[in-house]
Amino acid sequence: MPKHVAIVMDGNGRWAQRRGLKRTDGHAAGEEALFDTVEGALEIGLPWMTVYAFSTENWRRPLDEVRFLMRFNESILLRRRDDLNERGVRVRFIGRRGGRVPRRVAQHIADTEALTAKNRRMTLTFAFNYGGRAEIVDAVRKLAEEVAAGKVKPGSIDERSIARHLYAPDMPDPDLMVRTSGEYRISNYLLWEVAYSELVFTDVLWPDFRRENLFDAISEFQGRSRRFGAIDADGNPTGDA
Ligand code: IPE
Ligand code: IPE
Ligand code: MG
């Protein structure tokens, strides 16, 4: 079983366009997909799930769509947080808090994190105003401040020094990254963290995704042989002997 599954929820716009609907209707339809998937994750005891809700590049979209996405994410939080809390889900956010994120949304994010902070059944992380490069930049800035303050020697900086300054330092790296909608890209998602993740791509558009699709992706993951650059005990590079 994977410990951490990261999902790129993609294809909302195309789902809507195919039905003659507005792109934003596709985002709205993605809510059911998300919560069915969360339900499935709880069912199988997955301890960590991370979903890409809004990227640092998504600000390039038309203002109407950006506004919709800000309000929509806020409304999901407000409508779902008590239910998630009762189910033992710790809700967290990774990404830049300031910048163009409306202050009210940032406040609801902080409140939801505080409300669910003690839950341990599953951690559901929303990557929101998130960019993998921005995350590394932010980590390097904090590290540079420690160097400037004389607390850290440049020569002692290693991978753990970077990892310690990521948005969620206690989050294990994803074992599996799933992307929907037939796009074969990372799109600046969890760049540091996916170094050795298994990647599964599906043509299903996000609003059509359900827990069964998560289970299929996990089955595919279970058929993979992870080597992390090494070879197996028999000296086989395949690990499948
Ligand atoms: C993913 O669906 C949701 C977000 C990026 C917020 P898209 O809106 O990217 O849908 P497509 O890729 O245009 O179909
Ligand atoms: C990635 O999807 C971001 C989210 C799912 C929130 P995009 O649709 O924004 O990615 P690109 O533009 O196709 O790479
Ligand atoms: Mg897309």
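At what angle do H3 and H4 pack, and how far apart are their axes? Their packing angle is about 15°, and the axes lie 10 Å apart.

## About the model

This is a predicted model, in which local features need pLDDT of at least 70, side-chain atom pairs count only at pLDDT 80 or more, and totals for chains, interfaces and linings use all residues. Residues are numbered from 1 along each chain as its sequence is written, chains are lettered from A and ligands numbered from 1 in the order in which they are written, and side-chain values use heavy atoms, leaving out hydrogens and water.

Let's start with confidence: pLDDT is the predictor's confidence in each residue, from 0 to 100. The protein has a mean pLDDT of 96, with 98% of its residues at 70 or more. Helices (H or I, at least four residues) and strands (E, at least two) are DSSP runs, numbered from the N terminus.

## H3 beside H4

Two packed helices are described by the angle between their axes and the distance between the axes. Axes are lines fitted to C-alpha atoms, for helices over the stretch in contact, and angles run from 0 to 180 degrees between N-to-C directions. Back to the opening pair: at about 15°, H3 is roughly parallel to H4. Angles under 35 degrees count as roughly parallel, over 145 as roughly antiparallel, 65 to 115 as roughly perpendicular and the rest as oblique.

Contact means heavy atoms within 4.5 Å. Residues on the H3 side include Met 70, Leu 77 and Arg 81, while His 108, Ile 109 and Leu 115 are among those from H4. By class, this contact has six nonpolar, four polar and five charged residues. Here Ala, Val, Leu, Ile, Met, Phe, Trp, Tyr, Cys and Pro count as nonpolar, Asp, Glu, Lys and Arg as charged, and the others, Gly among them, as polar.

## H2 and its partners

Helix H2 (residues 23–43) and helix H3 (residues 63–86) have axes that come within 11 Å and cross at roughly 25°, which makes H2 roughly parallel to H3. Their contact includes His 27, Phe 35 and Val 38 of H2, and Phe 68, Phe 72 and Ile 76 of H3. It has eight nonpolar, two polar and five charged residues.

H2 also packs with helix H7 (residues 211–222), at an angle of about 50° and with the axes 8 Å apart, so H2 and H7 are oblique to each other. From H7 come Arg 211, Leu 214 and Phe 215, meeting H2 residues that include Asp 36 and Gly 40.

Buried means under 20% relative accessible area, exposed over 50%, partly exposed in between (1.4 Å probe, protein chains only). Leu 190, in the loop between strand S5 (176–179) and S6, is buried at 0% relative accessibility. Its contacts beyond four places in sequence include Ala 6, Ile 94 and Tyr 130.

Phe 93 belongs to strand S3 (residues 89–94) and is buried at 10%. Not counting residues up to four places away, Phe 93 touches Leu 77, Ile 109, Glu 113, Thr 125, Phe 126 and Phe 128. Leu 77 and Ile 109 also take part in the contact of H3 with H4.

Glu 198 sits in strand S6 (residues 198–201), and at 14% relative accessibility Glu 198 counts as buried too. Beyond four places in sequence, Glu 198 has contacts including Asp 175, Phe 221 and Arg 224.
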